[in-house]
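Open the model in your viewer and keep the selection tool to hand. The tour goes chain by chain, then to the contact, then to single residues.

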Amino acid sequence: MMAKETAYTQVELMATIAARMLDDGRSVFVGTGLPVIAAMLAQKSNAPNLLIIYEAGGIGPQSPVIPVSVGDSRTFYHGVAASSMHDVMAATQAGYVDYGFLGAAQIDMLGNINTTVIGDYENPKVRLPGSGGANDVGSLCHKTIIVMKQDEKRFVKKLDFMTTPGYLAGPGERERVGLPRDTGPYRVITQLGVYGFNSQTKRMMLISRHPGVNIEEIKKNCGFDLLVPPVVMDSEIPTGKELRILREIDPGSIVLGRS
Amino acid sequence: MNDTETIAEGHGQLVGFRDPDENRRWVLENKSRKLEDKRMSAKEAVSRLVQSGDFIASGGFGHVRVSMAIIYEIIRQRKQGLTMAGKTAVHDIDLLVASGCVDKVEAAYSFGYELRGLSHASRRAVEKGRCKVVSEISNAAYQWRFLAGMMGIPFIPSRTLLGTDTFKKSSAKAVTCPFTNKPLALIPSCNPDVGVVHVHRCDEYGNAQIDGALIEDFELSRASRKLIVTTEEVTPHKRIRVEPWQTAIPFYFVDAVVEIPYGAHPCQMPLKYFFDEEHISEWLNLSKDDDGVREYLDKYVHSVESFKEYLRLVGGQRKLRQLERIEKRGGLRPRGTK
């Protein structure tokens, strides 16, 4: 029987899995939404020396609660610097940032992502905000982690718009167009499972499935041909301590309350 | 060394670009190097410095340190046909598009409210064709447009944007780098007609100090042809001279100094006051349809004469003190409040 305090939501599971991916002593560039809460959870649990970087210039904050905006004063609360976008983007381009942490509206099997429009560009069904810092993070960080909701409209064969580069058209393409060497998507985390990329083909492959999720369900919610290895692990569920921290850093359920 | 050749080209509209020689001449003829008292009202600053059809850029980031007093004044004066830099522009661009003042946007991040969701009004305007996105760009590339603009050079090289649709819809080009022989993006410079920046304190000449992250206002204020600085307080000139290293924007870039306490409301002013979530929600609810947009603009912009009157309407001193208390607590709300 599951104790009440260890019951968790999909968002809490995704945030916990994302947090555990961040190694201590590394740096992470954090985009808006779920990445914020995951990076802060990591800092308060498995990675106390994680260097958190926000695009408006907040560096190394130790904030008790999550910022609502990746530019608000909590992005440098008890931090090491409150500098500028040029400063953090230049450092990212120069190789100082290990992980980039993004959300997305659509992704394809090579990890390219869309946050610009749904539908035709000239007559969009939905106009989304655009790149923001996503193109920069996806271009310039050493490893990109994407946290998003999964269904067949989001995991698509063809993006409506390629806002941010994954592996572009395939192996070697990032270097060919001039992006920094040995960069690209590293993991994708959804409410169903965790995905990586095949080292040869750069195609997305399943790594682990969340509790209660079967592989058929994962395939049904994916619009492209997903690589499924013979051995698929089970995702580890959040601990009581992790859940307590998540609820402390987001007391108003700004992120945790999102479906 | 190889010849530098263009290998790819974005087809977005190139907005705010000036030939550096033309801009130098404009600076020579129009920017004063004298210490002059530049204090004026928001009304005067907007009527003197913002022309219909201008390309404008607003400082801060999202809902943070934005000169909302000038945004409301632009709407009140019904400026038309403006193009705006959508450089993580949230509440400012949403209102300016909703009111019909801005009808063209170069978008890095626009039509969204970060964690608060998507905007209703400006997104509707784009989806219905009332507002056109003339080009796409990223946040880093946008502030590098301003960096090139402030440096008086036509572009800045970068390794971002490459290989994507964002590049194809941008005004950037890609060339083979003459040093590495690898492809490289060239981000064109940008010198907006008007920049608008809100600061913590500033003297009467325009020497401005900003607490907290500068975001991209260092570059934006230096790249803008005309610059309106709104300030929480006008500080004595001698205070600037005591700590000149605190000056984020020196006076010779500044054309107007407008003293407006709480001038960023309902946005956050770092270390001074918090977001007014109640007011932001009111706008997000009303802006779900065009009637609601009109209701909001009538109530908060057109039926008041000044930002001071607007502040009384949104809750006055009691509300503002509350927002100050929340900001002082690092964003932690007093128990029992939402």
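Start with chain B, which has 13 helices and 13 strands. Helices (H or I, at least four residues) and strands (E, at least two) are DSSP runs, numbered from the N terminus. This is a predicted model, in which local features need pLDDT of at least 70 and side-chain atom pairs count only at pLDDT 80 or more, while totals for chains, interfaces and linings use all residues. Residues are numbered from 1 along each chain as its sequence is written, and chains are lettered from A and ligands numbered from 1 in the order in which they are written.

**Whole chains**

Show the C-alpha atoms of chain B. They fill a box of roughly 65 × 50 × 40 Å along the principal axes. A compact globule of 338 residues would have a radius of gyration near 20 Å, and chain B agrees with its 20 Å. That radius is taken over C-alpha atoms, and the globule rule is 2.2 Å times the number of residues to the power 0.38.

Switch to chain A. Here are seven helices and 14 strands. The C-alpha trace spans about 50 × 45 × 35 Å along its principal axes. For the 259 residues of chain A, the compact globule value is near 18 Å; chain A has 18 Å, which agrees.

**Where the chains touch**

Display both chains. Chain B puts 49 residues into the contact and chain A puts in 50 residues. Two residues are in contact if their C-beta atoms, placed from the backbone, lie within 7 Å.

Now colour the chain B side. Helices H5 (121-127), H6 (139-151), H7 (165-168) and H8 (217-223), plus strand S8 (183-188), each supply at least two residues to it. H6(B) gives the largest share, four residues. By class, this side of chain B has 23 nonpolar, 16 polar and 10 charged residues. Ala, Val, Leu, Ile, Met, Phe, Trp, Tyr, Cys and Pro count as nonpolar, Asp, Glu, Lys and Arg as charged, and the others, Gly among them, as polar.

**A sheet in chain B**

Select S1, S7, S8 and S6 of chain B. They form an open sheet of four strands in the order S1-S7-S8-S6, with antiparallel pairing. Two strands pair if DSSP finds at least two bridges between them. The edges are S1 (6-9) and S6 (155-158), each pairing on one side only. Neighbouring strands are turned by 30 degrees against each other on average, direction ignored.

Zoom in on S6(B) and S8(B). Four bridges join these antiparallel strands. Click Ser158(B): Ala185(B) in S8(B) stands opposite. Axes are lines fitted to C-alpha atoms, for helices over the stretch in contact, and angles run from 0 to 180 degrees between N-to-C directions.

**Two helix pairs**

Return to chain B for H3 (residues 68-76) and H4 (residues 91-98). Their axes come within 10 Å and cross at roughly 5 degrees. That makes H3(B) roughly parallel to H4(B). Met68(B), Ile71(B), Ile74(B) and Ile75(B) of H3(B) meet Asp92(B), Leu95(B) and Leu96(B) of H4(B). This contact has six nonpolar, no polar and one charged residues.

**Two backbone stops**

Most residues other than glycine have a negative phi, and most peptide bonds are trans. Go to His265(B) and Pro266(B). A cis peptide bond joins them, with omega about 10 degrees. Pro266(B) lies in the loop between strand S13 (256-259) and helix H10 (277-286) of chain B.

Finish at Asp182(A). Its phi is near 55 degrees, a positive value in a residue other than glycine. Asp182(A) sits in the loop between helix H5 (173-177) and strand S11 (185-189) of chain A.

Methods. Parallel < 35°, antiparallel > 145°, perpendicular 65-115°, else oblique.
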